[in-house]
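Dear colleague,

Please find it here, followed by my notes.

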Amino acid sequence: MRGVSEEIWDQELPPIRVNKDTIKKQAARYRMGSVRLALGRIKTREEFEEDKREIIKKQFPKNPLQ
Amino acid sequence: MADDEAFLRQESEISAMVTGLPDTLSARDLEVLRKTTECYGILKDLALYAEELNSESFLPPINEIRDAFDHLMRMYSVLFGLRDGDSEYIKENLDAVFRHVYRASFDYLDYIRIYQKDYMHRRLEGISQQTIVNLFPEYYREILPEIESCLEDIPLYKASKDIGKPDMETVERYHAKVLKMRDYCAQINKMAPALIEAESKLRGEAEQRERKESGIRRAETWKYLLFTIIGAIVGGIIGHLF
């Protein structure tokens, strides 16, 4: 075994958590990789579920001939 | 790292197990790996489309992909002799890789479906039924029934996502639906300028008609008022004379 202890392999990774305000604030100084992430253009599950509830409620124009 | 060939030569002490992957993995494990690769192809297509649709990154499937990669590396850690592990450990981790990739696909399917609806809704907002019927009959004939059927499928997606025995057919079917909806989004987008123009013309005509009718109503009111006054005056004079 090189480098890491055996236990490391089986450890679960913690879920990615983001604080959009902090990301946006620090973006100019530390930005690496995705521009979207740096701009805080990230959708979390909670935000998605909220959007989903709103979008599902929206009604399309119905067929007037029916 | 990939450009540095010397690095690859230095690391020659790899496990004999990886000299041939088909010989190393069982037929079942290879099948799981093949299905995972197939599912990842669809997932990647969905991921690219999801970012194009909403210009943002959806976090839950990114978490799933990261976990899938972690399990894949656990399997390779055994194959490369970096740690101890048996065929059962490899099997468990390969199954986990597939589950994470599969779940990520369903996260994207759910996400895309919702924002596709939102996109179509925003494009058609303010357009009357009459304009749609006149200019875009396919909307009521094909598109709306398809959108509604897709939206009804959402609970089904969620149920499928949690099943213990995932299947690729479901992913392929829903992927095909997403592509069909993508075509509909493009059709709606193409029709939108003509619909907006026709709608503004229709509204202009309705306003003009309304103004004309309101003018006629006003004239009628004045006419009745005038007749009433004349009648009252004439009635008064006749009453005074006799």
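A residue is called partly exposed when its relative accessible area falls between the buried class, under 20%, and the exposed class, over 50%. With a relative accessible area of 38%, Lys223(B) is therefore partly exposed, and Glu220(B), at 32%, counts as partly exposed as well. Please bear in mind throughout that this is a predicted model.

The side chains of Lys223(B) and Glu220(B) meet in a salt bridge, with 3.5 Å from N to O, and since they stand three residues apart in helix α9 of chain B (residues 168-241), about one helical turn separates them. Over all chains, the structure holds 22 salt bridges.

Another of these pairs joins Arg103(B) to Glu64(B), whose closest N and O atoms are 3.5 Å apart. Because Arg103(B) belongs to helix α5 (residues 87-124) and Glu64(B) to helix α4 (residues 59-79), both of chain B, the pair ties together parts that are 39 residues apart in sequence. Arg103(B) is partly exposed at 27% relative accessibility, whereas Glu64(B), at 13%, is buried.

Helix α4 of chain B also contains Arg74(B) and Asp70(B), which lie four residues apart, about one turn of the helix, and form a salt bridge of 2.8 Å, N to O. Arg74(B) is buried, with a relative accessible area of 5%, and Asp70(B) counts as buried too, at 16%. These two residues belong to a network of salt bridges that also links Arg83(B) with Asp10(A) and Glu12(A).

Best regards

Key. Residues are numbered from 1 along each chain as its sequence is written. Chains are lettered from A and ligands numbered from 1 in the order in which they are written. This is a predicted model: local features need pLDDT of at least 70, side-chain atom pairs count only at pLDDT 80 or more; totals for chains, interfaces and linings use all residues. Side-chain values use heavy atoms; hydrogens and water are left out. A salt bridge is a side-chain nitrogen of Lys or Arg within 4 Å of a carboxyl oxygen of Asp or Glu. Helices (H or I, at least four residues) and strands (E, at least two) are DSSP runs, numbered from the N terminus. Buried means under 20% relative accessible area, exposed over 50%, partly exposed in between (1.4 Å probe, protein chains only).
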